[in-house]
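Okay, thanks everyone, let's get going.

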Amino acid sequence: MNIDRELHSMLRRVEKPARYTGGEVNSVKKDPSSVSVRFGFAFPDIYEIGMSYMGLQILYDILNSNDDIYCERIFAPAEDMEALMRENGRELFTLETLTPVREMDILGFTLQYELSYTNILNMLELGNIPLRREQRGEEYPVIVAGGPCAYNPEPLADFIDVFIIGDGEDIQEDVCLIWKESGSKEEFLKNVCRLDGIYVPAFYEPSYNDDGTVREISKLYDGAPDVVKRAVVSDLDGARFPVKNVVPFIETVHDRSVVETFRGCTRGCRFCQAGMIYRPVRERKKETIERLAMEQLDNTGHDELSLLSLSTSDYSRFEDLATELMDMCAGRNVALSLPSLRMDSFSFRVLDEIQGYRKSGLTFAPEAGSQRLRDVINKNITEEDIFGAVEQAVQLGWEHIKLYFMAGLPGETYEDLEGIGDIARRIMDINYAVRGRKGGRFRVTISVSNFVPKPHTPFQWAAQDTDEMFIDKHNFLSGKLRIKGVTFNYHETGTSNLEAVLARGDRRIGRVLETAHRLGCSFDSWSEKFRAELWEKAFAETGIDPAFYSHRERSYDEVLPWDIIDPLVSREYLIEENERAKRGQTTPDCRQGCTGCGINRYTECFKGAEFREARDV
């Protein structure tokens, strides 16, 4: 790889040139002429964000372990670099070889958040690749997309050739090898759609009722599945996991070694898409986790280790693992980070030992201000859990508590919102009761995000609050949280409503995305970049009402745009959970016994008894 004179000149004029040079420690170098498939892994955001995504490191390692495949990385250029690229006619390129992305065989985008969609179109344009799939002939790469947002592929269906639904460890390599054996794009699409987890939008066509709802999703190719079942890695312990992670030259959002302890969640929060689409729980053995952690630290030189999961302390042998990792990290002078902990006595002892006298903030996520609403969303924590944990934290010397809540949850009342203020006030009272005058430096931060209904959750049928409703609730909370020592932060309404439109949109939303891109929308997840007026213009030009997608409650008999995808959790279960929410009834953690989500029709679940036995070891 050689940086030519033009690129060298451009790099001298941008803020962080290391975003675009590649050549980092552990990056893979192959001779492109010696491989059969060149795969471009594209993250639709800047380098510092994309390089913090563990899924990139996993797939980069898996694909490059195959001598026939070369996986190269691509990121969205920052504003300064994009301007220079357009000025000089420089196409978007890979980091490994500086090859224009249109020369890849397959270009794969990860869909981690809906507000990155315009970045995908912008990156295709920067790569001199036509946006719409029907405009791309054999000379252009196959455009692939996967990740949590792919569970509703329809808003991007006009632009993406193949969606990968579910775990990518096995299927991504299979996709590359099928491309190698196929003689044309059409042959490739017909071959690849036979795999579980593959949705080819060209093989399906939605039709619509007079009221705008989806009538049906017709199949255009008989060889395509009627419903696309998500791909599942059943043996996570045996799955390949990187130990030679690429180490950036510049600081990234998460600059540390990371090991995934388990995948999935059994708690059943009704608003949480991840808790539904990543079932069942699959764990790595304690010994495997420790080996991976030590090898990663040896190969990267990182001075911090973090464990990755949806709820770290739900790992069945968490106490043994945490204790042994603390000893191992202490001997290496490596900091240990344990996010997403359940705030019980053991977790506090671990945190107290890790952080010592320099205690950073603690984070809790009650999500709702009243027990009634926490039962509605199936949070399954009580006031005693919250305040008992806070009291332990104060006694052990923590001086900053951060709490996450949501506004606009189904069934929410202003009394529930008032409960958020009551919780903050009571926490301050606990601090003064425990520490007296010494508690003056104690701080509480209340962060409130806006509820966004997501596909494949019990709340997928719910209406989202309007802008005006969210603003009224934020103003109400601002008044209730004028408490000394309490800071109140809240999420912008415009991006939340757009997120709901993109999350629950159908194929017609593609026209809005294309128009918004043409108008100049990009980096919409960045508050300073979001241009609400341009999105309003895009909806107006296309004649599409965003409220139809965000603020409308669905009925159970409506065909949903994402019904073509089977997340393995049954529709009947989601309906029953929604009905239980309306009755204010909770569903226990499925470690305590099967709750009938339906996933055991396809794959073995981690049984509750096995969890209990493991915890007793």
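So, Pro280 sits in the loop between helix 8 (273–277) and strand 12 (282–283). When I say helix or strand, I mean DSSP runs, H or I over at least four residues for helices and E over at least two for strands, numbered from the N terminus. The peptide bond joining Arg279 to Pro280 is cis, with omega at about -5 degrees. As background, most peptide bonds are trans, and most residues other than glycine have a negative phi.

Quick caveats before I go on. This is a predicted model, and local features need pLDDT of at least 70, side-chain atom pairs count only at pLDDT 80 or more, while totals for chains, interfaces and linings use all residues. Residues are numbered from 1 along each chain as its sequence is written, and side-chain values use heavy atoms, with hydrogens and water left out.

Back to backbone angles. Glu367 is not a glycine, but has a positive phi of about 70 degrees. Glu367 belongs to strand 15. Is Glu367 buried or exposed? Buried, with a relative accessible area of 11%; the cut-offs are under 20% for buried, over 50% for exposed and partly exposed in between, using a 1.4 Å probe and protein chains only. Leu568 also isn't a glycine, and its phi is positive, near 80 degrees. You'll find Leu568 in the loop between strand 19 (565–566) and helix 20 (571–583). Leu568 counts as buried because its relative accessibility is 3%.

Now follow Glu367 across to its neighbour. Its bridge partner in strand 16 is Phe405. Strand 15 (residues 362–367) and strand 16 run parallel, joined by four bridges. I call two strands paired if DSSP finds at least two bridges between them. Strand 16 also pairs with strand 17 (residues 443–450), again in the parallel sense, over eight bridges. In that pairing, Tyr404 stands opposite Ser447 in strand 17. Why is strand 16 (residues 400–407) largely enclosed by the rest of the structure? Because six of its eight residues are buried.

Over in strand 18 (residues 486–490) there's Thr487. Thr487 is partly exposed, at 41% relative accessible area. Skipping neighbours within four places in sequence, Thr487 is in contact with Val444, Thr445 and Ile446, where contact means heavy atoms within 4.5 Å. For a sense of scale, the C-alpha atoms of Thr487 and Asp320 are separated by 37 Å, and these two are 167 residues apart along the chain.

Six strands make it up, in the order 2-1-3-4-5-6, with mixed pairing. Strand 2 and strand 6 (198–199) are the edges, each pairing on one side only. Inside, strand 1 and strand 3 (residues 106–110) run parallel with four bridges between them, and Gly40 has Leu107 as its bridge partner in strand 3.

Next, helix 3 (residues 54–64). Eleven of its eleven residues are buried, so helix 3 is largely enclosed by the rest of the structure. What do those buried residues pack against? Strand 1 (37–43), helix 2 (47–50), strand 2 (69–75), helix 6 (171–181), strand 10 (257–260) and strand 13 (304–308).

I'm counting five cavities of 30 Å³ or more. On a 1 Å grid over the protein atoms alone, a cavity is a set of points where a 1.4 Å probe fits but cannot get out, and lining residues have an atom within 4 Å of a point. Points are joined across faces, edges and corners, and a volume is the space filled by probe spheres set on them. The largest cavity holds about 80 Å³. Its lining includes Arg19, Tyr20, Phe75 and Met81, and strand 2 and helix 4 (79–88) each supply at least two of the lining residues.

Last, cysteines. Cys149 is buried, at 7% relative accessibility. The sulfur of Cys269 is 6.2 Å from its closest cysteine sulfur, in Cys272, and that's too far for a bond. Cys269 counts as buried at 13%.

That's my tour, thanks.

Terms used: On a 1 Å grid over the protein atoms alone, a cavity is a set of points where a 1.4 Å probe fits but cannot get out, and a pocket is an open set with protein on both sides within 12 Å along at least five of seven lines; lining residues have an atom within 4 Å of a point. A disulfide is a pair of cysteine sulfur atoms within 2.5 Å.
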